[in-house]
Amino acid sequence: MSESTTLKNTFPKSERLHSKKLIQELFDKGSSFYLYPFKVIYLKSEDAEQIQMLASVSKRKFKSAVTRNTLKRRIKEAYRLNKTSLFEHNSQIGNLLIAYIYTGKEVSDYQFIEKKLKKSIDRLIKELVSK
RNA sequence: GAUAUAGGCUAUCUUAUCGCUCCCGAGUAAUCGGGGGAGGAAAGUCCGGGCACCAAAGGGAAGCAUAGCGGCUAACGGCCGUCACCAAGCAGUACUAACUGCAUGGGAGGACAAGUGCAACAGAAAGAAUGUACAGGUUAAGCUGUAGUGAAAUCAGGUAAACUCUAUGCGGUGAAAUGCCACGUAGGCCUGCGUUAAGAGUGUCCCGCUCAUUGCAGGUGGGUAGGCAGAUUGAUUUUGUUGGUAACAGCAAAACUAGAUAAAUGAUAAGAGCCCCAUUUGGGGAAACAGAACCCGGCUUAUAGGCCUAUAUCUUUU
């Protein structure tokens with residue numbers, strides 16, 4: 001049962017984008033779209049072993065480290081609970097690198113972030129599958 | 001009793017579901033079970049250390065810091081104690097002055113008898129000259145004294161959180177340090193011998209010191225944001241006790257109390273607690289400042305609500 005890992009809502013280190021090399025590649029070559037309050041950058045990578053994501057909040061927009069932390073945690077939490085559809089399309093979309101950049105100016109609550117993140121995942125699948 | 005200000009202490013809890021990270025145990029493994037998981041400031045990066053490295057680290061100048069006295073400390077620009085002094089207050093002597101005592105708060109306080117600068121108002125004049133009146137005095141003369149202004153008028157004046165001087169301290173860099181391992185392609189680097197003596201470095205300068213250019217031989221090795229160590233058992237914490245006014249130190253016992261690395265410590269829901277309005281049931285609101293990044297000791301700044309202390313104002317009762 002290889003599906004058992006994807007059905008569980010875990011978020012281990014292997015699914016988090018942490019390699020500096022891959023991050024550089026993603027920002028250099030990746031395509032992107034805006035979906036308030038996020039900017040989503042994504043790239044199909046040969047080097048990646050599986051779908052990986054990262055969340056980022058600008059230090060310029062949010063000076064306090066505490067608010068930056070909470071926003072990042074909400075994004076990661078929303079991704080953790082809603083990523084299953086991405087993994088179901090894994091064979092079609094390949095090993096994807098995704099970066100969520102928080103571009104909103106206000107601190108959104110969890111419900112709002114989750115709603116928008118679901119939309120962004122749907123859009124990602126749509127764009128990649130149609131190609 | 002209420003409000004305001006200042007200082008100190010504290011920094012909500014429980015349950016359920018789904019996760020993250022480290023440690024321990026089981027398992028070939030997937031994984032499972034148990035346990036730990038941000039702060040009083042983790043912040044600012046302002047001081048002081050530990051630790052590590054350096055082609056150079058030595059002497060002098062410059063620069064920066066400190067400044068009563070005594071103590072504490074690994075060290076400090078920190079802390080503790082204490083004195084001069086200052087402030088307003090109370091009491092006494094005295095009687096608009098002044099002196100003494102008391103408690104409170106402050107207390108960067110070496111040198112103005114090296115030099116330079118600065119000084120409101122008043123005053124002729126504030127360091128350069130002596131004006132006016134009177135007295136003295138001379139060949140003559142601010143040559144001498146007094147009056148007047150002022151805190152101060154030749155008195156070794158006042159002022160150094162004014163330049164400055166004196167004493168003491170300070171090499172630089174900063175865990176992206178540094179060491180090791182893995183895979184391994186170039187510039188390099190090291191050692192030995194010969195050669196060159198223009199220059200470069202020592203992130204302020206001088207002396208001093210160090211290095212060098214090129215050829216040959218031998219060795220090593222760069223790069224990859226990879227892994228491990230450094231890295232959490234320590235000037236540690238708690239309790240007791242002894243010494244000391246205190247900061248703190250000694251002794252004994254017990255404890256191990258985050259260890260991430262594009263960076264964990266979370267999300268959601270319910271309830272309790274808090275505040276406000278109704279006050280029988282209920283409804284609404286707030287939850288501060290803020291996130292470890294090699295580790296300690298301080299300083300500074302930010303802090304809702306609650307508790308304690310001090311001061312001020314208002315009010316009630318006696």
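On helix α3, the face turned away from the buried side carries the exposed residues Ala 65, Val 66, Asn 69 and Arg 73. This description rests on a predicted model, in which α3 also provides the largest share of the surface near RNA strand B, namely eight residues.

**Helix α3**

- The buried residues of α3 are Leu 71, Arg 74, Ile 75, Ala 78 and Tyr 79.
- When the helix is viewed down its axis, these buried residues fall within an arc of 130 degrees, and they therefore line one face of α3.
- Arg 73, by contrast, is one of the exposed residues on the face turned away from that buried side, and Arg 73 is also listed among the closest residues to RNA strand B.

**Surface near RNA strand B**

- RNA strand B is surrounded by 25 residues, of which the closest are Thr 10, Lys 13, Lys 20, Arg 73 and Tyr 110.
- Sorted by class, this surface consists of ten charged, eight nonpolar and seven polar residues.
- Helix α2, which covers residues 20-29, and helix α3 each supply at least two residues of the surface near RNA strand B, with the largest share, eight residues, coming from α3.

**Strands β1 and β2**

- Strand β1 (residues 31-35) and strand β2 (residues 38-44) run antiparallel and are joined by five bridges, while the hairpin that connects β1 to β2 passes through two residues.
- Within this pairing, Phe 33 has Val 40 of β2 as its bridge partner, and Val 40 also stands opposite Tyr 100 in β4.

**Strand β4 and its neighbours**

- In strand β4, which spans residues 96-102, six of the seven residues are buried, so the strand is largely enclosed by the rest of the structure.
- Strand β2 is joined to β4 by seven bridges, and these two strands run antiparallel.
- Strand β3 (residues 52-57), on the other hand, runs parallel to β4 and is joined to it by six bridges, with Val 57 standing opposite Tyr 102 in β4.

Terms used. Residues are numbered from 1 along each chain as its sequence is written. Chains are lettered from A and ligands numbered from 1 in the order in which they are written. This is a predicted model: local features need pLDDT of at least 70, side-chain atom pairs count only at pLDDT 80 or more; totals for chains, interfaces and linings use all residues. A residue is buried if 20 or more other C-beta atoms lie within 10 Å of its own, exposed if 12 or fewer, and partly exposed in between; C-beta atoms are placed from the backbone. Helices (H or I, at least four residues) and strands (E, at least two) are DSSP runs, numbered from the N terminus. The arc is that of the directions from the helix axis to the C-beta atoms. A residue is near a molecule or strand if its C-beta atom, placed from the backbone, lies within 6 Å of it. Ala, Val, Leu, Ile, Met, Phe, Trp, Tyr, Cys and Pro count as nonpolar, Asp, Glu, Lys and Arg as charged, and the others, Gly among them, as polar. Two strands pair if DSSP finds at least two bridges between them.
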